[in-house]
Amino acid sequence: MSATLTLMREDGTVICEHCDVADRAPRRVRGLLGRKELGANEGMLLRPAWSIHTAFLRFPIDVLFVNGEQVVMKVAHLKPWRTTTCRGAREVVELAAGVCDRLGIEPGQRLSWAPRLIDSGSIVDAPKAAATNQEESQLSALIASQDERFRSLATFLIGRNGFEVGAVAALNDVLEQVAKTRFDLVVLDCAESFSAAARVVAALEVMHPTVRSVLVSDPPAAGWHNGLNVLDKWTSIERLPSMILGDETDAQLGTASAAKRW
């Protein structure tokens with residue numbers, strides 16, 4: 001199963017119904033190469049990216065450069081064999097030519113993403129997929145942190161990758177929430193107490209061995225502590241979804257005990 005997203009403007013206008021996600025180097029390099037055309041409801045999200053080229057492309061495209069807050073920084077219209085950049089952009093969205101003019105997309109507008117899934121070659125809405133087959137529903141993540149700013153950012157960044165996201169402020173609430181919801185991933189902020197977070201990890205390994213747990217903290221606390229690798233929470237949070245969704249890196253995560261190997 002591979003992921004695709006629906007791109008919308010903040011006012012609810014659908015910009016691109018089927019936007020393929022290219023969040024790994026091979027996908028970003030390949031991009032739209034080999035395609036004969038790009039349908040009006042099709043597109044590609046390159047993340048992370050701040051520059052693109054249209055060498056060897058067979059058709060013109062519209063391009064959106066988007067910052068980390070999902071605000072459009074630049075709109076470009078590119079013919080084949082062109083290049084453009086935008087400093088400060090975090091993502092690039094490639095759309096069919098004419099979409100931006102038709103919908104009035106301009107710098108300063110805020111975008112949002114709705115998760116979708118591709119299953120057996122057909123595209124279905126994630127909520128419908130979850131209703132018809134719980135085992136193939138979108139992944140879920142729980143963010144546990146007393147840092148309200150981190151909880152909000154992590155919820156946004158992980159949620160826009162198609163995850164259902166829950167959040168709690170207290171580490172003591174994690175086990176109860178996992179028992180109720182069976183999250184696939186638990187992100188534990190151990191900035192306040194590494195020992196408390198480590199105890200939660202140990203309990204998850206015993207009680208919910210299929211749940212993946214990740215420890216994060218503010219630098220310089222990040223690094224190896226008592227056999228557990230603590231990630232820098234501000235630099236790692238954006239790549240966690242792609243690590244989980246990516247076929248190769250998914251094997252590195254394994255079960256909750258994999259937190260010890262990070």
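These legends describe close-up views of a predicted model.

**View 1. A nonpolar patch on the surface.** Leu33, Phe56 and Trp81 make up this patch. Together they present about 380 Å² of accessible area. Phe56 sits in the loop between β4 (51-53) and β5 (61-66). Its relative accessible area is 60%, so Phe56 is classed as exposed.

**View 2. Val201 in helix α6.** Helix α6 spans residues 194-207 and includes Val201. Val201 is buried, because its relative accessibility of 2% falls under the 20% limit. Leaving out residues up to four places away in sequence, Val201 touches Leu188, Ser213 and Leu215. Leu188 is 13 residues from Val201 in sequence. The C-alpha atoms of Val201 and Leu188 lie 8.5 Å apart.

View 3. His208 belongs to the loop between α6 and β14 (212-217). Is His208 buried or exposed? His208 is buried, with a relative accessible area of 5%. Its contacts, neighbours within four places in sequence aside, are Leu175, Val178, Ala179, Arg182 and Ala203.

**View 4. The salt bridge between Arg9 and Asp11.** The whole structure holds 6 salt bridges, and Arg9 with Asp11 is one of them. Their closest N and O atoms are 3.3 Å apart. Arg9 has 13% relative accessibility and counts as buried. Asp11 is exposed, at 54% relative accessible area.

**View 5. The salt bridge between Glu10 and Arg110.** These two side chains meet with an N to O distance of 3.8 Å. Glu10 lies in the loop between β1 (2-9) and β2 (14-22), and Arg110 in the loop between α2 (99-103) and β9 (111-119), so this pair ties together parts that are 100 residues apart in sequence. Glu10 is exposed, with 58% relative accessibility. Arg110 is partly exposed, with 33%.

**View 6. The salt bridge between Arg27 and Asp23.** The side chains of Arg27 and Asp23 meet in this salt bridge. The distance from N to O is 3.8 Å. How accessible are the two partners? Arg27 is partly exposed, at 29% relative accessibility. Asp23 is buried, with a relative accessible area of 12%.

View 7. For Cys16, the nearest cysteine sulfur belongs to Cys19 and is 4.4 Å away. A disulfide needs sulfur atoms within 2.5 Å, so Cys16 is in none. Cys16 is buried, with a relative accessible area of 0%. Cys86 also counts as buried, at 9% relative accessibility.

Notes:
Residues numbered from 1 in each chain as written. Predicted model: local features only at pLDDT ≥ 70, side-chain atom pairs only at ≥ 80, totals over all residues. Heavy atoms only, no water. Patch = residues over 30% accessible without salt bridge, like charges linked within 9 Å, V, L, I, M, F, W, Y side chains within 5 Å. Areas by Shrake-Rupley, 256 points an atom, 1.4 Å probe, with all protein chains shown as cover. Salt bridge = Lys/Arg side-chain N within 4 Å of Asp/Glu carboxyl O. Helix = DSSP H or I, 4+ residues; strand = E, 2+ residues; numbered from the N terminus. Buried < 20%, exposed > 50% of the residue type's maximum accessible area, 1.4 Å probe, protein only. Contact = heavy atoms within 4.5 Å.
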